[in-house]
Amino acid sequence: MDLRIRSFEQYQHDYSKSITQPDLFWDGIASTFKWKKKWNSVVEWNFNDPKIEWFKGGQLNITENLLDRHLEKDGNKIAFHWEANHPNDISKSITYRELYHEVCKLANGLKSLGVKKGDRVCIYMPMVLESVVSILACARIGAVHSIIFAGFSSNALEDRIIDAKAKVVITADGLNRGDKKVDLKSMVDIAIETCSSIENVIVLNCLNSSPTVVSKRDIDYHHLIESQKNECEAEIMDAEDMLFILYTSGSTGKPKGVVHTCGGYMVYTSYSFQNVFQYEENDVFWCTADIGWITGHSYIVYGPLLSGATSVIFEGIPTYPDGGRFWQIIDKYKVNQFYTAPTAIRSLMSFDENLVTKQDLSSLKLIGSVGEPINEEAWNWYYEKIGKSNCPLIDTWWQTETGGVMLSGLGGISPMKATYAGYPLPGIDPVLLDNEGKEIHEADTEGYLCIKFPWPSMLRTTYGDHERCKNTYFSNYNGYYFTGDGAKRDENGMFRIIGRVDDVINVSGHRFGTAEIEDAINKNKYAIESAVVGYPHTIKGQGIYAYVVIGNIEGDEQEIINSISESVSKFIGKIAKPDKIQLVKGLPKTRSGKIMRRILRKIAEGELSNFGDTSTLLDPSLIEDIIKGVKG
């Protein structure tokens, strides 16, 4: 099933049709998939409630479209090459038929535990093939999967399990990450002490570490599936039934459970995968994201498998055992499309160039960037050194909430411009709004990036709190989906993303709400109050700068800072640890008690010449105190 756009002229034609005749356009795309029952309407929507329904009345099971329908022709085709953490470790590959059988066995295993359609299953797993199997086994029986990044702490895991009211957790004894081994099972044990909804924990043996086993609750993954049949009838799902919940940080402390549904997500992830990456039948695709993020959902699991693709899954990190690991894997599997984050590119730029040149990268047909806007220096290095100035470089913009890529080049068939994401995909109708909510039509003028028409893979709600979904995404500007990003558009209509306009920090492509980090800091015994801001970071894009009020505590400053840092690790995870922690006497506040974050942001960025209007500050002298203690 080829959904690819073949030329820029075809893109312009298809884009116009998708905007002027969206029902006709998406009806044609959706009809290429296998449905149990055709839909009654293509889309019904309003952004006020909000209520969005795609392919209403249609019935399907997404796993039949990404497994069953490939079996006759491509059953022996490789679905995934799995590359182990260390190049000397044993790697393996799995065909579509083998993947189908593994999914069916685990699906039957879950059913034997009483898991049924609509139940929530949390997955807290390493980057191993069984992670994909677990995702698809849930989808096979209509259970809702909620994947939680294995770098999150037990507290963060606990919050997400409780919010989802999960019935089962699928995990592993531990994972390999570079030269470290991380214990996952004990994190789960701690997390579920307060989670009354959990009935079973399924544990995959990855490290042979003999974790603690709780009788009747804990079940060995392989023992569960070894006696199961390798066929499992797919549960019939309505197009608008929940497929998964994925938690993302917001500007308030509590993570948001973004809900995606079966039909629209299936249609858009496959369509966007084939067009953004211009994937051809025998290509090898590699997305380096973790499965716990939306990029892993859409462009490791669903998009590629729906398209019958062969992909690479990598267990390790880009700098282990050295900074040439990515390039060695591209050479080994003759990767054609390579999709990674600017953070990885910036870190790998600093290594010896011989690590690049000694590998054969001539198989590459496309290189891509995801997670945050890529800066020009990194763009040029990536294009010249990895793409050999011969590969299109796509800089994709999208979100957990959008489900798939929204702005991007389309392989080599559309124009390319450093630091610009490019044009909207067909079906995506972006606008820039000013402070009054009026559309900006002038070129090179910054505005708030909003979308004025629904697309199939957009979020439907935030789990258990629809009002929060409405307030976060649909209340800022009446009649628009608000992305939370600022952007500008050049004279040719190409978009450049400026960055977040709310209190969310983008660290290495991972979003963290400032309130979430502040809440973790404030739980520390030394902390009275804190304020967290982002600042430019040469590798991560944005770093986390924390100002912490500790009062008149006597003690070693570094010891206090280390303790605060550990609190963030404990309550969120090491990935959210502040890069800089400054102990302060107080925070600059207005007379009404509001923290003036723009001042703290300017100090963190080293912009000390102009703080704007400070007349409303309760105690302006605090600014000088903070400047004196700035962390270099």
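1. The side chains of Lys185 and Asp218 meet in a salt bridge, with 2.8 Å from N to O; the term stands for a side-chain nitrogen of Lys or Arg within 4 Å of a carboxyl oxygen of Asp or Glu. Lys185 belongs to helix α7 (residues 185-191) and Asp218 to strand β12 (residues 218-220), so the pair ties together parts that are 33 residues apart in sequence. Helices (H or I, at least four residues) and strands (E, at least two) are DSSP runs, numbered from the N terminus. Both Lys185 and Asp218 are buried, where buried means under 20% relative accessible area, exposed over 50%, and partly exposed in between (1.4 Å probe, protein chains only).

2. A word on the basis of this note: the model is predicted, local features need pLDDT of at least 70, side-chain atom pairs count only at pLDDT 80 or more, and totals for chains, interfaces and linings use all residues. Residues are numbered from 1 along each chain as its sequence is written, and side-chain values use heavy atoms, with hydrogens and water left out.

3. The structure holds 33 salt bridges, and those that share partners join Lys185, Asp189, Arg217 and Asp218 into one network.

4. Another salt bridge pairs Lys417 with Asp490, whose closest N and O atoms are 2.9 Å apart. Lys417 sits in the loop between β21 (407-408) and β22 (423-424), and Asp490 in the loop between β26 (481-489) and β27 (495-500), so that the pair links distant parts of the chain, 73 residues apart. Lys417 is partly exposed at 30% relative accessibility, whereas Asp490 is buried, with a relative accessible area of 3%.

5. In the salt bridge of Lys540 with Asp579, the closest N and O atoms are 2.6 Å apart. Because Lys540 lies in the loop between β30 (529-537) and β31, and Asp579 in the loop between α17 (557-571) and β32, this pair ties together parts that are 39 residues apart in sequence. Lys540 is partly exposed, with a relative accessible area of 22%, and Asp579 is also partly exposed, at 29% relative accessibility.

6. Turning to helix packing, the axes of helix α4 (residues 96-112) and helix α5 (residues 129-141) come within 8 Å and cross at roughly 60 degrees. Axes here are lines fitted to C-alpha atoms, for helices over the stretch in contact, and angles run from 0 to 180 degrees between N-to-C directions. The residues that make the contact (heavy atoms within 4.5 Å) include Leu99, Tyr100 and Val103 of α4 and Val132, Val133 and Leu136 of α5.

7. Helix α1 (residues 8-20) and helix α2 (residues 22-30) pack at an angle of about 115 degrees, with their axes 5 Å apart. Here Asp14, Lys17, Ser18, Ile19 and Thr20 in α1 meet Pro22, Leu24 and Phe25 in α2.

8. In helix α19 (residues 621-628), the buried residues are Leu622, Ile623, Ile626 and Ile627. These residues cover an arc of only 140 degrees around the axis, which puts them on the same side of α19; the arc is that of the directions from the helix axis to the C-beta atoms. Among the elements that cover them are β31 (541-549), β32 (580-584) and α18 (597-605).

9. Glu233 lies in the loop between α8 (221-225) and β13 (237-238), and at 72% relative accessibility Glu233 counts as exposed. Glu233 and Leu622 are 389 residues apart in sequence and 66 Å apart in space, C-alpha to C-alpha.
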